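Please look at how the chains of this assembly meet.

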Number of protein chains: 4
Amino acid sequence: MSQPFLHHRRVEFRDTDAAGIVHFSVFFNYMEEAEHSLLRTLGMSVLSHDDEGPFSWPRVSVWCDYRSPLRFGEEFDVSVHVARLGRSSVTYAFHFTRDGNAVAEGEVVAVCCRLSDGRPQPIPVPEPLAEKLRGLLIP
Amino acid sequence: MSQPFLHHRRVEFRDTDAAGIVHFSVFFNYMEEAEHSLLRTLGMSVLSHDDEGPFSWPRVSVWCDYRSPLRFGEEFDVSVHVARLGRSSVTYAFHFTRDGNAVAEGEVVAVCCRLSDGRPQPIPVPEPLAEKLRGLLIP
Amino acid sequence: MSQPFLHHRRVEFRDTDAAGIVHFSVFFNYMEEAEHSLLRTLGMSVLSHDDEGPFSWPRVSVWCDYRSPLRFGEEFDVSVHVARLGRSSVTYAFHFTRDGNAVAEGEVVAVCCRLSDGRPQPIPVPEPLAEKLRGLLIP
Amino acid sequence: MSQPFLHHRRVEFRDTDAAGIVHFSVFFNYMEEAEHSLLRTLGMSVLSHDDEGPFSWPRVSVWCDYRSPLRFGEEFDVSVHVARLGRSSVTYAFHFTRDGNAVAEGEVVAVCCRLSDGRPQPIPVPEPLAEKLRGLLIP
């Protein structure tokens with residue numbers, strides 16, 4: 001119960017920069033990959049449809065704290081928890097580790113939105129998904 | 001006549017990799033930026049509309065030869081010619097130089113396509129644009 | 001006094017994603033571009049040298065809040081302030097606007113570090129730079 | 001004999017652009033990932049060392065032809081052959097397929113180079129690696 005979702009990854013060459021380490025912006029791509037992998041595991045996609053049309057998950061706020069750099073070829077793990085579950089929003093919490101040592105941690109706040117022609121409109125997180133995400137809530 | 005279009009750029013940090021130089025894939029982003037800058041100058045956008053709907057320029061073939069690396073912070077020039085102009089296709093030729101010295105050269109073949117729900121359908125290059133592109137043809 | 005540094009940019013095609021907007025991770029590249037442009041204006045580079053060797057600015061913490069999406073081809077402004085100036089760290093604050101309307105805001109905490117073979121070691125921000133950065137402090 | 005090396009991949013969201021498909025430049029990152037995966041399988045790294053110091057594989061020429069777009073979440077295969085093996089150079093040939101259907105094909109010419117302080121100097125492909133690469137030569 002409340003076991004995190006685990007995502008495993010290797011650093012690809014394009015992820016690095018001239019400082020010889022993974023560029024700090026790339027950690028957000030890693031977070032998103034882990035989130036999408038989680039959603040697939042839960043039978044959802046980041047681009048979903050229901051009877052009223054398509055909906056998706058625009059991001060409203062993100063952060064990342066860096067502890068130790070990642071280098072080309074290194075393997076690492078991303079664990080995903082749900083830090084907060086609102087009516088329309090999910091706050092994912094990510095912990096990056098390499099061989100069990102802390103690398104970075106961060107959060108992404110995504111809001112479930114109806115995609116119409118204009119501005120995205122927040123809608124409630126679909127209950128079947130909300131139920132599954134509650135299983136990932138940090139105790 | 002047949003003067004190339006010129007695009008000036010500086011290497012940003014995210015363009016580099018752990019070898020300390022601009023990643024080879026990034027040169028294609030630079031080519032596309034130069035192409036889009038050219039289209040804007042000609043009063044076009046890469047995503048255009050006419051009476052029958054939207055059309056765009058999917059790429060069917062690209063290449064790049066590398067002579068000398070680019071490093072973080074360096075400024076360089078991209079010159080754009082039109083190497084070939086077909087009924088539906090444009091072959092852009094790009095030369096990268098830094099302080100007048102050859103850095104790389106490459107080509108992008110883009111095909112003017114009607115965007116429908118299914119597969120993009122080639123359409124003739126709109127004549128007003130074709131006329132302008134002929135002015136960039138390599139003699 | 002305490003006027004922000006201004007950076008102007010256009011959205012390039014590679015900055016976008018399949019949602020039709022600038023990918024959320026790319027805002028951190030924009031922040032870094034603005035920071036580097038500021039450092040150049042101050043006569044510094046992100047990779048500098050002094051008598052004791054090279055030093056640079058690893059990032060220890062970043063965040064971004066998103067208000068309104070950016071789309072391909074749009075032009076926008078990034079204003080840069082210094083939110084906090086520590087002995088070794090600088091917290092840059094960024095505000096993104098398009099035609100004066102809020103798009104996003106964020107911060108990057110960079111730590112001035114001696115680059116040795118091992119782990120980067122924090123060193124004091126060089127006084128000539130610190131003096132210039134104080135001029136960008138939020139009142 | 002002469003079986004290609006196979007690399008399997010899923011399209012991540014950051015790989016896409018506002019046209020809703022994988023950006024054409026990203027195929028070169030996929031090729032490089034497949035090449036690096038092959039080198040790891042052969043017990044090599046793209047950044048290697050021998051008695052005389054480090055050596056690596058700068059790219060001198062690349063191309064890609066595109067047949068059919070890839071979209072977010074799709075899985076695809078990259079097969080890797082060696083098209084030509086020179087004294088210092090390796091030409092890798094890549095075929096992208098999705099469910100057995102052609103997506104794209106391309107080549108990367110990499111040159112084995114001694115990394116010194118100055119310009120990279122071509123050196124012979126180490127014989128143990130050359131022997132393994134000959135097993136991937138297109139008949």
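Trp63(A) stands opposite Trp63(C), a residue of β4(C). The strands that face each other here are β4(A) and β4 of chain C, residues 59–66, which pair in the antiparallel sense over five bridges. Strands are DSSP runs of E of at least two residues, helices are runs of H or I of at least four, and both are numbered from the N terminus; two strands pair if DSSP finds at least two bridges between them.

This is a predicted model, in which local features need pLDDT of at least 70, side-chain atom pairs count only at pLDDT 80 or more, and totals for chains, interfaces and linings use all residues. Residues are numbered from 1 along each chain as its sequence is written, while chains are lettered from A and ligands numbered from 1 in the order in which they are written.

Between chains A and C, 14 residues of chain A are in contact with 14 residues of chain C, contact meaning that the C-beta atoms, placed from the backbone, lie within 7 Å. On the side of chain A that touches chain C, α1 (26–41) and β4 (59–66) are the elements that give two or more residues. β4(A) gives the most, with eight residues. By class, that side of chain A has eight nonpolar, four polar and two charged residues. Ala, Val, Leu, Ile, Met, Phe, Trp, Tyr, Cys and Pro count as nonpolar, Asp, Glu, Lys and Arg as charged, and the others, including Gly, as polar.

Chain A is superposed on chain C by a rotation of 180° with 0.0 Å of shift along the axis, at an RMSD of 0.0 Å. This is the relation of a two-fold axis. The superposition is by least squares on C-alpha atoms of residues with pLDDT of at least 70 in both copies. Of the residues of chain A, Trp63(A) comes closest to the rotation axis, its C-alpha lying at 2.0 Å.

How values were computed: Contact = placed C-beta atoms within 7 Å.
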